Amino acid sequence: MIITFYGVRGSTPAPGPTTVKYGGNTSCVHVKLKNGRHLILDAGTGMRQLGKELLAIPDPINILLSHGHWDHIQGYPFFAPIYQPDRQINVYTSVEAGDRLLCSLFDQMDGNNFPVKVEDLPSNNNCTYKGTESELYEKQIYVVKKPLNHPGGGSAYKITEDGVSCAYVTDNELEPPYKMNTS
Ligand SMILES: [Zn+2]
């Protein structure tokens, strides 16, 4: 499993001399599994650079979205593979937030907030918010999803391959000022 961080900032992109070391982009992490599958964790502005690198790799793209806040979705309209004809892009997101979260990823491409409408994309964009783990299991991608404590809800993910696991737990609040999700 090879993990590459393309964006690690929260709230808003933060370019400048004080953020050179880890970069100024918002959340986006690429996981390449030994079996050749690609996973992308979140669609923040770091996704723009990752998209350029995935243009030449025809494999289906699997995106796990933690939640729908701006710093986790704003790279999607600038992700070059979405403009590739028939490129297969699967987005997996939270059961807890349901359709509303799916809309936050795609509705930003509505012609008002972004000039290109999602329905005009030549790629094959598919969204799933129920059955994430079982759908990925069929692709030999082993993921466990757990709810986050975060306004609006969200999901953490654990990815396992050959006895090695990595966990992506972003924006989780350990002592939130509201009823904790303990499941
Ligand atoms: Zn958030």
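Predicted model: local features only at pLDDT ≥ 70, side-chain atom pairs only at ≥ 80, totals over all residues.
A residue counts as buried when its relative accessible area is under 20%, as exposed when that area is over 50%, and as partly exposed in between. F78, at 45%, is partly exposed.

A pair of aromatic rings is described by the distance of the centres and the angle of the planes. The structure contains four aromatic pairs. In one of them, the ring centres of Y76 and F79 are 6.4 Å apart and the planes meet at 25°, so this pair is stacked. Both Y76 and F79 are buried. F78 and F114 also form a pair, here edge-to-face, with 5.3 Å from centre to centre and 85° between the planes. Because F78 belongs to the loop between β4 (61-64) and β5 (88-92), while F114 belongs to the loop between α2 (98-106) and β6 (124-128), this pair ties together parts that are 36 residues apart in sequence. Ring pairs also join Y76, F79 and F106 into a cluster.

The strands may now be considered. Strands of a sheet pair through backbone hydrogen bonds, in either a parallel or an antiparallel manner. Here, three strands in the order β7-β8-β9 make up an open sheet with antiparallel pairing. Since β7 (142-147) and β9 (164-168) stand at the edges and each has a single partner strand, one side of each is left without a neighbour in the sheet. On average, neighbouring strands of this sheet are turned by 20° against each other, direction ignored. Between β8 (residues 155-161) and β9 there are five bridges; I159, for instance, has C166 in β9 as its bridge partner.

Notes: Residues numbered from 1 in each chain as written. Heavy atoms only, no water. Pairing = 2+ DSSP bridges. Helix = DSSP H or I, 4+ residues; strand = E, 2+ residues; numbered from the N terminus. Axes fitted to C-alpha atoms, helices over the stretch in contact; angles between N-to-C directions. Phe/Tyr/Trp six-rings, centres within 6.5 Å; stacked < 30°, edge-to-face > 60°. Buried < 20%, exposed > 50% of the residue type's maximum accessible area, 1.4 Å probe, protein only.
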